[in-house]
Amino acid sequence: MPKPRRFLSIVLCCGATSCLAWQSLAEDWPEEKKIGYRFLDTVSKAPLPFTGKDSDFSIDINPKLGDVAHERYIRLPVELEYSFTNKREGKIGIIPYFSNPLDDDPVSSDGYLTLGLKQRVDNMLEGRFFLAAGLDVQIPLEEIPSPLLRSSYDQYMAYLTGAYKLDEEDRWLAYSTIQYQWVGEDRRDNKTPVDTPNSLAIFQPGVIYQPHGEFRYGLSLEYKTDRLDGGNDDGVKIIPNITWFPPEDTPFFRRLAGHFELSLDLEYALSEIDEEEYGSDFGINLNVRWRFFKTKPEPEESVL
């Protein structure tokens, strides 16, 4: 395994070099090509305190690319998200488990039903600080083929998330999320007597750099622990992220209404909690967001 400090140094150097290069190129682009500060909902699995405008609708597809190399299945989460107002949004989705054709012993499952609700608070500190709270739920539709015992339980994730604009140009954003996950009913078909998995607390601070152009860059640190529920496990991941906003004249995308965001996460585990140590230190996740334009006029003031 590479030394954590060396790996972190490489990631930071590469990210900084890429950011400076793209910023220099973007400054020379015509005004109509500059995309600017985009709507952010989540980054690297961390929920952010932003919501869409009234009646915004989007589809998120998040294939777990690392499953192809490391699991007997391939997960393909799909979620539909709708903004009831410009401060409140809900989502519903599924996470099916497809058979991995590259594995000698593939398995599949209907996976999970997912539900979520987020409520944003008014912007504070002259519009530079943002705060929101929410709840995400995962309910297994049948027994999950994951080796993690936790995967076959109903899972409830409450969270509080905040973000702060670091500059007047809206290019740098610092954020932090606090999440607490506990389990409910055991959904295994053939149950054996086992202790219920401990609840998990997850802390994820990070920073986002958004130059005027086609790309956004992020870097976050995820700390996961069950010590608040009597356990003694900790896990730490570093997650670089890059997002591409295809310009409107991009082939294929220009034929579709709304706009797209394509994000790639590279996860590197510095340490893992015991139940997750069976996997690889590296993970790759792709997120494709198809966001449709709102259908109602934008309200003059924020409403709940």
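In strand S12, Tyr217 is the bridge partner of Tyr209. The model here is predicted, so to speak of local features a pLDDT of at least 70 is needed, side-chain atom pairs count only at pLDDT 80 or more, and totals for chains, interfaces and linings use all residues. Residues are numbered from 1 along each chain as its sequence is written, and side-chain values use heavy atoms, with hydrogens and water left out.

S12 covers residues 215-225, and strand S11 (residues 200-209) runs antiparallel to S12, joined by 7 bridges. Strands here are DSSP runs (E, at least two residues; helices are H or I, at least four), numbered from the N terminus, and two strands pair if DSSP finds at least two bridges between them. S11 and S12 make a hairpin, with 5 residues between them. On to the next partner: S12 also pairs with strand S13 (residues 234-244), again in the antiparallel sense, over 11 bridges. There, Glu222 stands opposite Lys237 in S13. Of the 11 residues of S12, 8 are buried, so this strand is largely enclosed by the rest of the structure. Buried means under 20% relative accessible area, exposed over 50%, and partly exposed in between (1.4 Å probe, protein chains only).

Leu173 sits in strand S10 (residues 172-186) and is buried, at a relative accessible area of 1%. Leu173 and Tyr209 lie 36 residues apart in sequence, yet their C-alpha atoms are 6.6 Å apart in space.

Leu173 also belongs to the largest nonpolar core, which has 9 residues, including Phe50, Phe130, Tyr175 and Ile208. Such a core is a set of buried Ala, Val, Leu, Ile, Met, Phe, Trp, Tyr and Cys residues joined through side-chain atoms within 4.5 Å. In soluble globular proteins, nonpolar side chains tend to be buried together.

## Aromatic pairs

How many aromatic pairs does a search of the whole structure find? The search finds 10. Rings of Phe, Tyr and Trp (its six-membered ring) pair if their centres lie within 6.5 Å; planes under 30 degrees apart count as stacked, over 60 as edge-to-face and the rest as tilted. Tyr82 and Phe84 form an edge-to-face pair, because their ring centres are 5.5 Å apart and their planes stand at 75°. Tyr82 is partly exposed at 32% relative accessibility, and Phe84 is partly exposed too, with a relative accessible area of 45%.

The pair of Tyr97 and Tyr112 is tilted, with centres 6.3 Å apart and planes at 55°. This pair links distant parts of the chain, with Tyr97 in strand S6 and Tyr112 in strand S7, 15 residues apart. Tyr97 is buried at 4% relative accessible area, and Tyr112 is buried at 3%. Together with Tyr73, Tyr97 and Tyr112 form one aromatic cluster.

## The second largest cavity

The structure holds 5 cavities of 30 Å³ or more. A cavity is a set of points, on a 1 Å grid over the protein atoms alone, where a 1.4 Å probe fits but cannot get out; lining residues have an atom within 4 Å of a point. The second largest cavity contains about 70 Å³ of space, a volume being the space filled by probe spheres set on the grid points, which are joined across faces, edges and corners.

Its lining has 11 residues, with Glu81, Glu89, Lys91, Lys118 and Tyr159 nearest the centre of the second largest cavity. Strand S6 (88-99) and strand S7 (109-120) are the elements that give two or more residues to this lining.

Conventions:
On a 1 Å grid over the protein atoms alone, a cavity is a set of points where a 1.4 Å probe fits but cannot get out, and a pocket is an open set with protein on both sides within 12 Å along at least five of seven lines; lining residues have an atom within 4 Å of a point.
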